[in-house]
Amino acid sequence: MRPLIRKLFSLHDLKYGWLLALSIFICAATFYADRVIDPEDQFWLSAAYGLSFGIAVLWGAVNYIAHMHLNRLYRKGEDIPAYVAQLALSEEDKQELQNYLEDYAEDLRSQGRTQEEAAREAVSQFRVQELLSLSKNSLLFELHAHYYLLGWSLTAVAAFAGLALIGWMTFPHSLLLLLAETILAAYGFGMAFLFVLYKALDALLYRKLKEHLSD
């Protein structure tokens with residue numbers, strides 16, 4: 001239960017959070033000016049709303065990219081135990097692979113290579129073999145599950161419902177509550193939409209990589 005909660009509500013998973021905060025601030029300030037000042041010329045209000053939306057879109061893009069990591073299998077490694085330890089294998093398979101790489105490195109050392117050169121060459125050769133033989137079953141990138149978007153979307157929707165109830169019972173004409181409800185609803189549903197979009201991008205990226213590696 002605890003790992004699921006951590007996945008749903010991890011602030012650490014919100015990359016470039018300052019961009020999201022800036023978008024929320026501009027949107028809130030613009031909404032306030034729209035309701036209080038209500039200028040005749042709506043151009044600057046439209047531009048400010050557009051700016052907050054554009055920053056939110058930019059955050060969505062950089063947040064997605066920041067969660068893409070090169071598959072551990074294809075990362076460079078110069079230390080055999082450290083390289084093997086990061087792979088998603090059982091302990092038995094790790095030990096077998098480490099023995100194989102160390103035996104290979106020992107052969108290279110007997111041919112005149114230094115210990116560092118032999119270890120680097122053994123890891124490099126293994127990665128090349130994996131690229132040639134297993135790449136069809138191993139994605140180049142590791143993609144994040146992005147459950148935190150659902151968690152914070154649910155939090156925003158719940159907070160929206162709570163504030164709406166409080167406003168209806170106590171301050172039905174409160175501008176501050178209306179502003180908070182609007183921000184929570186807009187960004188809450190935006191995060192839910194972003195989760196669906198991320199999953200669609202994951203599926204597209206996965207299909208393209210499989211097609212490319214199958215050629």
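A nonpolar core is taken here as a set of buried Ala, Val, Leu, Ile, Met, Phe, Trp, Tyr and Cys residues joined through side-chain atoms within 4.5 Å, where buried means under 20% relative accessible area with a 1.4 Å probe, protein chains only. The model is predicted, so local features need pLDDT of at least 70 and side-chain atom pairs count only at pLDDT 80 or more, while totals for chains, interfaces and linings use all residues. Residues are numbered from 1 along each chain as its sequence is written, and side-chain values use heavy atoms, with hydrogens and water left out.

The chain holds eight helices and two strands, taken as DSSP runs (H or I, at least four residues, for helices; E, at least two, for strands) numbered from the N terminus. Their order from the N terminus is α-α-α-β-α-α-α-β-α-α. Of the 215 residues, 31% count as buried. With contact meaning heavy atoms within 4.5 Å, residues 24 or more positions apart account for 74% of the contacts with a separation of 6 or more.

Tyr187 touches Leu20, Ser23, Ile24, Cys27, Ser52 and Ala56, leaving out residues up to four places away in sequence.

Beyond its neighbours within four places in sequence, Ser52 is in contact with Ser23, Ile26, Cys27 and Tyr187.

The buried residues of helix α7 are Tyr148, Leu149, Gly151, Ser153, Ala156 and Gly167.

The largest pocket contains about 410 Å³ of space. A pocket is an open set of points on a 1 Å grid over the protein atoms alone, where a 1.4 Å probe fits, with protein on both sides within 12 Å along at least five of seven lines; lining residues have an atom within 4 Å of a point. Of the 19 lining residues, Phe53, Ala56, Val57, Gly190 and Leu194 are the closest to the pocket centre. Helices α2, α3 and α8 each supply at least two lining residues, and α8 gives the most, with nine.

Methods: Buried < 20%, exposed > 50% of the residue type's maximum accessible area, 1.4 Å probe, protein only. Points joined across faces, edges and corners; volume = space filled by probe spheres on them.
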